Every structure is written in C-alpha cells, then in structure tokens.
Amino acid sequence: MTIPTEPIGSIPRPLELIDAVTALGNHADPRLDSLYEEAIRDTIERFEETGSPVITDGEQRKYHNFWTYCVHGLANTAPDGFTIPFAAGHTRRMPRLTAGPFRYKVYADRYLEVALRHARVPVKQAVISPSALSLMYPAEGIAGYPREEFIDDLLDEHETEVRRCLQKGAHAVQIDFTEGRLAIKLDPSGHLLNSFIDLNNLALSRFSAEERKRIGVHTCPGGDRDSTHSGDVDYAELLPSLLELQAGNFYIALAGELDRVRALKIIRRHMKPEQRIFVGVVAPIDPRIETPEEVRDRILEAAEYIPIEQLGTTDDCGFSPFSDDTSTSRHTAFEKVRARVLGTALAGKMIEGR
Ligand SMILES: [Zn+2]
C-alpha cells in the first residue's frame, strides 16, 4: 500500500546565497547566478536523498517569496500594498498595482524547467493563487483600468502559468492559497473568503477534469519566522468552503493543529469523491524534528476519517516561504522531509497488513 506523499515547496536558502543577495542589494544581479545554480543543484540532490518520491527545487529562485515572485519588479507597481500581519509581531507587504494592464513578469515554469534538468524523480511546481494576487488591486480603483478588466487579465496570466507548468511535465501544480484562512480573520462574515473561492473556481474552470487531477490547492495558517498569520482561525470556518474548490488535490496543514481530529471530521463531511487530501504530517514552524513513528501515527489517525484511496501526506507548509527567513536550517527541513517519507511508508505497511 503506497500512500502518495509530496512536499509543499520551499526549502531554506543557503546562508551564503542570502548574504550575497543582501550584500548586492538586488536578487537579480547576474553575479548571483552561480550561487543560485549551486543552491538548486544541492537542494535537489538532498531532496532526492530523503527518498521523497516527488520533489521541488525548494523555490531557491523565488525571490522574494511564494506570493509575489511573479510580479516582483513590475514597473506598474508601488511597494505600499497589502500587508500580512504575523502573530510574532512582524509584517510582510506586497506590491500595489498602480496602472494596467496586469501582466506577470515571471511564470513559475521557468523554475520548473531548471529543476527538471537536475532531477531524477518527478517534480511538482507551486504557483500563487489568483485570489492572493487580486489583493494587489487597490480598493480605490485605478483610473482607466477597472477591476473587472484586472480580473480578466489576472485569470489569463494564472491560466497561462499553470498550463506552462503542466505542459512542461510538472508532476502536479499546487496553487498556494494561504490567504484563504487569513480571509476569515480579515472578514469574519466570510464574504472575502467566498469571493476568493469564486475567483479561484473561475480559474480552475478553465481546465478539464483530466487536467484538474494534476492541480491542487494548499492551505495553511502561514509560516514565516516560526510564526503564523491565521493559526487562531477555526478550520471549521475555512474547510467547508475550501473543499468547494474544483481542484483534484488538497494540501492541508494539520500537524500543527491543536485539534486534528476535529479538522479531520470536517474534512470527512465535506470532501468530494474525486478529491485527494494530502494531510500535513510535519510542522515546519516547530523546530523539533518529528520521528517517523509519530508521522505514522498521525497518518493512521487520518485514515480513520479519510478513505485510504483518497489520502496522501505532505508537509504543513513550505520551510521558508519568504526567501530571507532563516528560522529553520536546511538540515532541519530535510530531516523533517525524511521523517514524512519514512513515516508515510510505515503507515502504508500497517494499513496493508490489516
Ligand atoms: Zn503554507
């Protein structure tokens, strides 16, 4: 019995790379190319050593983060956009769109292409959700570029990015939707979350049922500097809406939840027959490395609520979604991945033997 297991995406960047980016003051300086190349090569090698059947490039080149990598450096933006507040007290800010038309500067298939040159096992690619990028459009509007036009452009760009990743052979494309849980915090009425779900479903509806089997959505309470932005939001407010998304796979942070069984019961009630649920079994923001046995037990617990043919495992989140986050070492990240892989195999054996 093989239970599918996949990472979320990011691995902490090598400290030499972070220091060099800081020293040069420009993440795109060509003098960094050899450091990036080495970071990607080393990440993929170490990822494969963990035994993870699916890997990523660790998002080594996603500067500055998983959220704005595709729009960073656009001329028609200003730095004073939407702010994400973290429980630890710090904030992260995204750019604000100042004029149309909205176009990506980078599509994530560029990273995938490089990773595929190095990798010997399947590679997945994470992309940012349309709903996250929709927060770039200012509340007061943009003269000559109405919101409806922006949304059309946004959906086109997102579709292009996902298609390029699928066509280049991504094992799966994962849409990062960390703002889903945050939406409940920002707007407890649920309107904002519903608008995010509707927008992302508009994007997903552009793909065939066959394509959607390779498309997934990741939800988490955020993870930056060992802190979250919406860990205090009740999953009961999010999961029923989340599972309305027309995606084939769901990557749901669970290891760091206080009441996993409660979340699993909600998932059982709302999941659809065509959906696979990858439950988080290791917690990147917890510095302690889980044991394979602990991971196994979490999976056996999940299997009581999710049919085994619809179950998979994952990490709760990326290990450093923001590229300058040094709160987790590369060593710890890979050891946690290893625990996920070993624990998932142990659980598969036990379930098989029943
Ligand atoms: Zn996450």
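Me: In which sense do strand β9 and strand β10 pair, and over how many bridges?

Reply: Two strands pair if DSSP finds at least two bridges between them. Here β9 (residues 249–252) and β10 pair in the parallel sense, over 4 bridges. Asn 249 stands opposite Arg 276 in β10. Strands are DSSP runs of E, at least two residues, and helices are runs of H or I, at least four, numbered from the N terminus. The model is predicted: local features need pLDDT of at least 70, side-chain atom pairs count only at pLDDT 80 or more, and totals for chains, interfaces and linings use all residues. Residues are numbered from 1 along each chain as its sequence is written, and side-chain values use heavy atoms, with hydrogens and water left out.

Me: Where do β7 and β8 join?

Reply: Strand β7 (residues 173–176) and strand β8 (residues 215–219) run parallel, joined by 4 bridges. Val 173 faces Ile 215 in β8.

Me: What is the order of the strands in the open sheet?

Reply: The sheet has 7 strands with parallel pairing, in the order β1-β11-β10-β9-β8-β7-β6. β1 (5–6) and β6 (125–128) are at the edges; each has a single partner strand, so one side of each lacks a neighbour in the sheet.

Me: Is strand β10 mostly covered or mostly uncovered?

Reply: Check for buried residues (under 20% relative accessible area; exposed is over 50%, partly exposed in between; 1.4 Å probe, protein chains only). In β10 (residues 276–282), 6 of the 7 residues are buried, so the strand is mostly covered. Helix α12 lies across β1, β10 and β11 (311–315), at about 165° to β11.

Me: How is a pair of packed helices described?

Reply: By the angle between their axes and the distance between the axes. Axes are lines fitted to C-alpha atoms, for helices over the stretch in contact, with angles from 0 to 180 degrees between N-to-C directions. Take α2 (residues 33–49) and α12 (residues 330–352): their axes come within 9 Å and cross at roughly 30°. They are therefore roughly parallel (under 35 degrees; over 145 is roughly antiparallel, 65 to 115 roughly perpendicular, the rest oblique).

Me: Which residues make the contact of α2 and α12?

Reply: Contact means heavy atoms within 4.5 Å. Among them are Ala 39, Asp 42 and Phe 47 of α2, and His 331, Phe 334 and Val 337 of α12.

Me: Is Thr 68 buried or exposed?

Reply: Thr 68 has 5% relative accessibility, so it counts as buried. Thr 68 sits in the loop between α2 and β2 (77–78). Leaving aside neighbours within four places in sequence, Thr 68 touches Met 94 and Pro 95.
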